Amino acid sequence: MPPFSGEKSLNRFHPEALAGLQEAIHEAGGREVFFAGALAPDGRVERVRVLARGNASAVPALFEGLDIRDVVVHNHPSGDLTPSSPDLTLASMYGAHGHGMFIVDNEAHTVYVVVEPFTQKKAALLKPRELETMFRPNGPMARHLQSFEVRPQQAAMLEAIADAFNTDTFAVIEAPTGVGKTMAYLLPALVWALRNKERVVVSTRTINLQEQIMFKDIPLLRRCLGEDFEACLVKGRNNYLCRRKMERAFSEMTLFEEESTRQRLEAIAEWAEHTEDGSLSDLPFVPGRELWEKVNSEADTCPGSRCPNQQKCFVGRARRAMGRADLLVVNHHMLFSDLALKKEANDFTSMAVLPVYHRVILDEAHAIEDSATEYMGVSATRAAALILLGRLLRTEGNRERGLLPLIRMRLTKECPQVAVAEFEKFQDLLDSLLLPAYASARQAVTAWFNAMRGLAGELSGQIGRDIKWRLTPPVLERVELREMHTDHTLPTVESLRQLARLLDDLSRRLRGIPSRPQDTEPPLMTEILELNACRDRMASLANVLSECTSAELQENTVRWIEMDSQNEQWVRVVRCPLDVGKPLAEWVYEHLKTMVMTSATLTVERRFDYLFHRLGLNLMPEGRVSPLMLDSPFDHREQAMVCIPTDMMDPADRSFLDESVESIRQVLKMTRGHAFVLFTSFYALNHSFRSLEEELRRAGITPLCQGKATRTQLLDEFRRDMSSVLFATDSFWEGVDVAGEALQCVILPKLPFRVPTEPILEARAEAIEAAGGNAFMEYSVPQAVIKFRQGFGRLIRRRSDWGAVVILDKRVITKYYGRIFLKSLPDVPIIRTPRDGVYNALETFFNQRREQG
Ligand code: SF4
């Protein structure tokens with residue numbers, strides 16, 4: 001058969017894309033290269049990027065980073081454009097996912113189109129009525145789920161989400177517990193992904209919810225839909241073993257004749273041969289942080305398609321699974337890191353942490369401001385800085401370890417092609433420049449953190465264990481800070497930058513070492529990559545320190561120092577965005593077609609204003625965001641009651657804590673355990689637990705306390721032991737699902753206001769006041785109301801649940817803002833009476849309910 005001649009490339013490519021093809025093929029020495037080509041509106045490829053190097057038999061289908069309109073392009077060095085049979089296999093795989101496939105010659109003069117590119121068809125719209133049949137009394141969900149109940153709220157939510165997908169808009173939906181919100185968003189998301197071949201991302205805050213989605217809801221949906229689809233639980237890159245780093249760790253061990261970690265490293269290597277996914281959670285033992293960091297994957301030390309292990313790479317495998325998936329299940333942190341990378345590259349059409357997507361569902365959306373703040377911030381700790389320096393050089397036992405001695409060793413033993421004179425130059429660079437620069441940077445960094453710690457202790461005016469000292473403009477103007485900047489920060493930053501420059505110099509020179517004929521990759525490539533990563537991290541550390549004490553406070557930022565007065569090692573400097581709403585509106589919402597934000601608690605006083613302002617949703621064009629507040633499917637008037645003792649002291653009173661302990665004791669007598677006591681501080685938690693522990697045990701009630709076991713162990717024990725009481729704080733206010741008899745009472749000693757002196761809260765409050773607002777009413781109260789509603793929401797999880805919430809903080813009825821808390825609750829009977837009346841009401845309520853069985 002004559003070779004396929006193809007057509008002129010300019011019919012199919014823009015000139016810039018052709019230049020990109022030619023350059024990369026030339027760089028690869030004319031060998032085969034796979035590209036992703038982005039289609040311009042005229043149907044031609046306008047941009048290409050390298051996906052992999054190797055031929056079609058060696059390159060598995062690569063989907064990561066491919067947008068639905070992308071074309072896969074590769075070259076045939078022979079110039080014969082006839083697709084081979086591996087080409088045809090790949091073409092059918094790509095074609096099934098909507099990607100076109102082209103073959104070009106090495107000069108990219110001619111192209112053969114194996115699969116025509118996807119041309120934008122009209123979206124296959126969702127039909128809510130059709131989807132709702134899934135939730136009908138005799139529908140698939142009822143057949144596959146014993147406890148299934150028809151809930152009109154679920155249908156309403158599904159309809160709103162279908163509308164957001166169909167019209168490329170955003171939906172913000174408050175869906176109280178019991179609505180079945182996960183199914184209400186998963187179903188339209190999946191049907192959209194399948195019908196339109198367009199992946200959808202579901203992001204949650206907690207691993208619990210991600211696992212519930214992956215291992216409970218998705219299998220159920222698969223049975224109900226009767227359709228096959230791919231869903232992928234995305235884990236961070238550092239969770240995966242890097243084969244290349246593992247090989248490096250072995251050779252380092254051999255070079256240094258180290259025995260101490262050999263066994264564990266060998267166990268990891270053995271596990272690597274049969275592990276399902278190569279991720280840390282699959283490893284049958286805990287390797288310890290230091291060992292895992294020696295072998296885990298990192299973005300900045302991975303050469304990507306140039307790594308010889310790429311075919312067997314666990315990260316690559318995970319990315320291919322991601323690329324194929326219709327649904328990606330991620331966490332908020334991962335989603336924000338992906339968006340940040342895409343923003344930095346100003347390219348939302350390529351792979352960063354995640355492949356391309358345009359539709360996102362954010363569950364647990366009440367926590368987005370915190371997640372985004374954390375992600376958009378930067379920080380440096382003394383420990384992390386010293387670990388980074390330790391990667392270059394450290395002493396273990398009486399041996400020197402790290403990249404610098406390893407490079408010296410490798411140069412000596414494995415690079416005979418380096419001429420003597422050149423070798424001496426390397427020795428000179430290492431001994432005369434790098435080692436002194438390293439020593440001076442290490443000494444400067446240690447001194448910098450010590451000095452910062454001293455200043456914070458002296459000037460912050462705070463006492464107690466945890467000190468958080470905000471660096472406001474007046475603080476930064478203080479003479480001590482200015483001296484700190486000139487005497488410590490600038491020299492430290494300079495020493496880190498000098499070290500980074502020398503690392504760069506070494507890296508450049510190592511890259512100049514010629515390869516030997518038997519080399520499969522450039523000499524010392526792994527070490528060069530690690531040198532570059534250390535160089536960049538060193539430069540970032542220098543930037544964080546330099547900014548920390550600089551007199552100029554960047555716009556929209558808050559800076560502070562954290563230290564533990566009892567642990568000298570714990571010092572952290574932080575910079576966070578003051579406002580995340582505007583950045584979210586500018587670089588997140590802008591690039592998404594559909595976003596669904598949902599949670600059981602998004603409103604305050606049944607309004608979305610607070611959330612819209614905090615998340616920048618108010619900056620979106622009119623009509624782009626539709627809010628929906630669903631009613632609870634539970635009958636709170638029947639199932640619950642709220643008790644507020646009117647004669648408690650004010651929480652600000654010194655005796656309040658002891659008085660609240662006494663009230664807890666009395667309430668637990670009535671409930672006989674079956675309770676959560678949710679505190680707002682560890683101090684109150686520990687004091688109350690210690691005061692009641694013995695007495696409760698004597699009364700046959702098992703007291704459980706946060707911090708005495710893991711969260712899972714505590715919850716398992718609480719569910720198992722029906723007369724237990726759990727004393728907990730912060731993280732137990734939300735994300736905890738205990739249904740049935742185990743939990744019948746939630747005691748809230750204080751309203752959950754956050755500590756107003758937290759630097760970020762303080763700064764936000766000041767910004768609101770400066771703009772003429774009322775920070776307490778516009779920020780502190782709504783924040784506390786949402787947390788309060790989360791705490792309240794622990795009680796009733798099913799239609800058969802019943803119980804009482806006892807609020808010991810009388811501000812909820814005596815203060816003008818108290819009504820906002822109460823008005824934000826569902827319709828529930830509220831008993832306001834002195835303590836004895838509360839105890840009597842509780843006794844009657846519990847006796848009646850228990851008699852009714
Ligand atoms: S491709 Fe990257 S992560 Fe995978 S083995 Fe190679 S270096 Fe490690």
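How far apart do the C-alpha centres of domain 3 and domain 5 lie? In this predicted model, the separation comes to 46 Å. The two belong to a division of the protein into domain 1 (7-115), domain 2 (126-230 + 325-358 + 592-631), domain 3 (237-312), domain 4 (380-513 + 522-577) and domain 5 (636-851).

As for handedness, H6 goes past H7 in a right-handed crossing. On the H6 side, the contact is made by Thr182, Met183, Tyr185, Leu186, Leu187, Leu190 and Val191; on the H7 side, these meet Gln212, Ile213, Asp217, Ile218, Leu220, Leu221 and Leu225. Sorted by class, the residues of this contact come out as 11 nonpolar, two polar and one charged.

Next up is a helix pair with another geometry. Helix H16 (residues 420-459) and helix H18 (residues 479-511) have axes that come within 8 Å and cross at roughly 155°. Angles over 145 degrees count as roughly antiparallel, and that is why H16 gets this description relative to H18. The H16 and H18 crossing is left-handed. Its contact has 24 nonpolar residues, along with five polar and five charged ones.

Now for the sheets. Four strands make up an open sheet with antiparallel pairing, in the order E12-E17-E16-E15. E12 and strand E15 (466-470) are the edge strands here; each has a single partner strand, so one side of each has no neighbour in the sheet. On average, neighbouring strands of this sheet are turned by 15° against each other, direction ignored. Going through the pairings, strand E12 (residues 378-381) and strand E17 (residues 567-577) run antiparallel and are joined by four bridges, with Ser379 having Val574 of E17 as its bridge partner. E17 also pairs with strand E16 (residues 557-564), again in the antiparallel sense, over eight bridges. Within that pairing, Arg559 has Arg575 in E17 as its bridge partner, and Asp564 stands opposite Asn567 in E17. E16 and E17 form a hairpin, with two residues between them.

What is the order of the strands in the open sheet of seven? The strands run E22-E23-E21-E24-E25-E20-E26, and the pairing is parallel. Strand E22 (702-705) and strand E26 (830-833) take the edges, each with a single partner strand, so one side of each is left open, without a neighbour in the sheet. From one strand to the next, the twist averages 15°. One of the pairings brings strand E20 (residues 640-645) together with strand E25 (residues 803-807), parallel and joined by four bridges; here Ala640 has Gly803 of E25 as its bridge partner.

Helix H24 (residues 682-698) lies across E22 and strand E23 (724-728), and runs at about 160° to E22. H24 also packs with a helix: its axis and that of helix H23 (residues 656-671) come within 10 Å and cross at roughly 45°. That makes H23 oblique to H24, and the crossing in which H23 passes H24 is right-handed. From H23, the contact involves Leu657, Asp658, Val661, Ile664, Arg665 and Leu668. These meet Tyr683, Ala684, His687, Ser688, Ser691, Leu692, Glu695 and Leu696 in H24. By class, the residues of the H23 and H24 contact split into eight nonpolar, three polar and three charged.

Conventions: Residues are numbered from 1 along each chain as its sequence is written. This is a predicted model: local features need pLDDT of at least 70, side-chain atom pairs count only at pLDDT 80 or more; totals for chains, interfaces and linings use all residues. Side-chain values use heavy atoms; hydrogens and water are left out. Two strands pair if DSSP finds at least two bridges between them. A crossing is left-handed if the near helix is turned anticlockwise from the far one by less than a right angle, and right-handed if clockwise. Contact means heavy atoms within 4.5 Å. Ala, Val, Leu, Ile, Met, Phe, Trp, Tyr, Cys and Pro count as nonpolar, Asp, Glu, Lys and Arg as charged, and the others, Gly among them, as polar. Axes are lines fitted to C-alpha atoms, for helices over the stretch in contact, and angles run from 0 to 180 degrees between N-to-C directions. Angles under 35 degrees count as roughly parallel, over 145 as roughly antiparallel, 65 to 115 as roughly perpendicular and the rest as oblique. Domain bounds come from an automatic or database domain assignment.
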